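Biologist: Hi! I have not looked at this one before. Could you walk me through it?

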Amino acid sequence: MKFSFTIVQKIWMSIGVLIAGYLLTMLIGCIYAYHSEFRLKNISENLLPIAFQSKTALLKFDEQIKLYNNAILNGEMALVESAQKNALEVVRSLQKIQAFIKKNHVKSLQLSQLINEYRKFNTEAEKVYSIISQAEKGSIELNKDVSDRSSKLSVLTKELKKRISNLSNDNSNALYNEFKLVLKRNHQQRFFNIILFIIVVSICISAVYFIIHRSITLQLDKVTGILKDIAEGEGNLTKRLPVENPDEIGELSRWFNHFLIRLQEMIQEIMENADVLNVSSINLSEFSSEMISSMEKLIDYSENATDAIHQLHENINSIASSAEQMSANIHDVSNAAEDIAIHMNNVTTSTGDMSSSMNSIGKKVQEGQKISANAMELATIASDNMNLLGTAAREISQVTVAIKRIAVQTNLLALNASIEASTAGEAGRGFSVVAQKIKQFASQSTQSAENIAKRIADMQSKTENAVSVIENVTDIIGEINQSSLYISKTIEKQMQTSSDISSQLNQVNNGTNTIATSIAESAIGVQEMSKNTGDAATKTRNFTETIEFMKDLARLSNNSAERVQTSAVQLTELASKLNTMVNTFII
Amino acid sequence: MKMSLKQDTTNMSSLQTRRKQQFCTFRLDQHLFGVDILDIKEIIDEILITKIHHSQKEILGFINVRGHVHIVLDLRCLLNFEPIAINDATRIILFTSKVGESFGILVDMIEQMIEVDEQKIEFHQQEGNILDGKAQKRFNLLEIGACKLDQGLMVILDANKFLDVIKY
């Protein structure tokens, strides 16, 4: 069963159900009230006046009878007449009762009979009691007829009284019964009303509870459950609310899902941004640490600079003092320059001699080079020959092996021959001597072969030594060749330089003259220089101050860089916190 | 000088009838042994042995010498020496047909032919000491006697017993 109503509609529905139940109880109550009203109306219109009239009739009748009795006792006619008036009133009230109970034919018939009888009684009683009262006054004796009639009357009176009182009692009883019935009914109705109200209201309440619980509370519980899961359980943002009904909750879940999607996207972005932030903050901290190190370096440099400037200052002072010394020395220099000019001439002549001897050395060296090249060739030939000798020796050693083998075979042959000889007995004795000799030859040839092998081994080792020696010789000759090459080159260079030297010496000669003049000029320059060094000293002082100021600035910027680094570290921590926070969400 | 003197004595004794005996000496693990030269057919150095499977361990196998097949015995094994590999000095001594069916023995090295006076040979009394043990028994059977030489003591073996002792 699907409810496709909005919550407002559902609430209206439940209120409607409540109102309907209430109206039902009201309707039932109204019906009962109308019923009792009808009965009460009946009482007020019929039963109450009937009872009242019957009571008055009874009262008047009693009064009438009393009056008759008084009239008889007193003998007054006026009393009879007043009794007659009462009788009329009795009749009137009886007639009124008759008018009320027209509907009830039996009762009205009985009542009309009573009225008729009462009227007869009245006429009879009037006559009789008027006679009796007159007789009392006038004549004491009464005839029999009258006394009979009066006795009859008294009987009739009793009967009538009985009947009227019966009537009155009946009516009052009916009234009483009716009241009792009405009361009872009223009581029942109240009880019934309460029960009905309870039943209807409980049914309505359960219906309303069913509607609200089924279509509002359950849905809201689902929504709150999922929201609670999202809020408490690790922030799983991949969950979605179910959109079942097109009511407000469905709308809410749909829009909440939209919100979740947006939130998920946002958190993903935040996550990415947090990573970026993390990286950036790490970079920032690195940069700031680099900056700090650079700043420290800068401070160091500036300190070095101040030191250097101090040194510079000192140096300038020493320059100033040196300049003074210089001017003194310049005089000495000019003297020395003249001496140099004289010595230079001697040097020029010596260099000419040197270059000629260099030429002869160069020629000798070239000859040596040629000789070493020849020696190299010879050495290679010798080493080749040595190698050939080695191979020949190896071949010879193979031959000796063969000789040894042959000797062994010969030995065996000699043995076998001696065996044969001994089996031949005396006849083989000569042969055995031959065999003995052959054996001796074999052993001798074995020994010679061994000697040859030994000597060849010696020769091989010696040739190897010779080969290595020749190789050493070749190496040395190569080195000699190289060094002679180097020597010839250097001699060429030296020759060149000596010619350069001689040309330059001439220039020097000229130079010394110019030096003498320049020295005089430089004496003037030195004086200017001493002035300028004074200026430089003051400027360096200014410069020192500037560098001090720069150092202070560098310190300040170093402090700020450190602050930047601490902030960067804090930022990194924040980024990591943000990362962990964001990571608690499942996306 | 000593050798030449000895040679003279041998020449002298050769005139008398069979007072001297010739032996072919050989070495086995530095020990000198000798057999009567009249029992020997020849000595060969081409050792190409064809193995006989499931034979006794003393029998090395067959050897083909100029078309005749001979059984080769391992003397080292026979006299209870440790076996060694065949080398350049290793030889086989083949015996004549009168000794037994054609067979030879493998020895480490051939020494030479010598001639010994019979008086110098000390023959071995076989009855007196029959010892226990297979090897000792064999040795007792094989050993005829011993002879003192300049190179050392030569143990003389009986060629006729080689094939018999294998059975023990």
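Modeller: Happy to. One term before we start: helices and strands here are DSSP runs, numbered from the N terminus, with a helix having at least four residues and a strand at least two. Also keep in mind that this is a predicted model.

Biologist: Thanks! How many helices and strands are there in chain B?

Modeller: Chain B has four helices and eleven strands. Its length is 168 residues, and 27% of them count as buried.

Biologist: What share of the contacts in chain B comes from residues 24 or more positions apart?

Modeller: Taking contacts with a separation of 6 or more, such pairs account for 57%.

Biologist: And the loops? Where does B:Gln30 lie?

Modeller: B:Gln30 sits in the loop that links strand 1 (20-28) to strand 2 (31-36) of chain B. Its phi is positive, about 70°, although B:Gln30 is not a glycine.

Biologist: Is B:Gln30 buried or exposed?

Modeller: B:Gln30 is exposed, because it has 8 other C-beta atoms within 10 Å, and a residue with 12 or fewer counts as exposed.

Biologist: What about B:Arg66, where is that one?

Modeller: You will find B:Arg66 in the loop between strand 4 (59-65) and strand 5 (68-74) of chain B. This residue, other than glycine, has a positive phi near 50°. B:Arg66 is exposed, with 6 other C-beta atoms within 10 Å.

Biologist: Let's go inside. Which residues have the most contacts in the largest nonpolar core?

Modeller: That core has 46 residues, and those with the most contacts inside it include B:Cys24, B:Leu73, B:Ile93 and B:Leu157. Helix 5 (residues 248-424) of chain A gives the most to this core, with six residues. There is also a second, separate core of 26 residues, which includes A:Leu47 and A:Ala125.

Biologist: Back to B:Leu157: what is it in contact with?

Modeller: Leaving aside neighbours within four places in sequence, B:Leu157 is in contact with B:Phe33, B:Val35, B:Leu142, B:Glu143 and B:Ile144.

Biologist: New topic: how do helix 1 and helix 2 of chain A cross?

Modeller: The axes of helix 1 (residues 7-74) and helix 2 (residues 77-100) of chain A come within 8 Å and cross at roughly 160°. That angle is why helix 1 of chain A is roughly antiparallel to helix 2 of chain A. Their crossing is left-handed.

Biologist: Last one: how many residues does each chain give to the contact between chain A and chain B?

Modeller: Chain A gives seven residues and chain B gives ten. On the side of chain A that touches chain B, three are nonpolar, four are polar and none is charged.

Key:
Residues numbered from 1 in each chain as written. Chains lettered and ligands numbered in written order. Predicted model: local features only at pLDDT ≥ 70, side-chain atom pairs only at ≥ 80, totals over all residues. Core = buried A, V, L, I, M, F, W, Y, C linked by C-beta atoms within 7 Å. Buried ≥ 20, exposed ≤ 12 C-beta atoms within 10 Å, placed from the backbone. Contact = placed C-beta atoms within 7 Å. Axes fitted to C-alpha atoms, helices over the stretch in contact; angles between N-to-C directions. Parallel < 35°, antiparallel > 145°, perpendicular 65-115°, else oblique. Left-handed = near helix turned anticlockwise from the far one by under 90°. Nonpolar A, V, L, I, M, F, W, Y, C, P; charged D, E, K, R; others polar.
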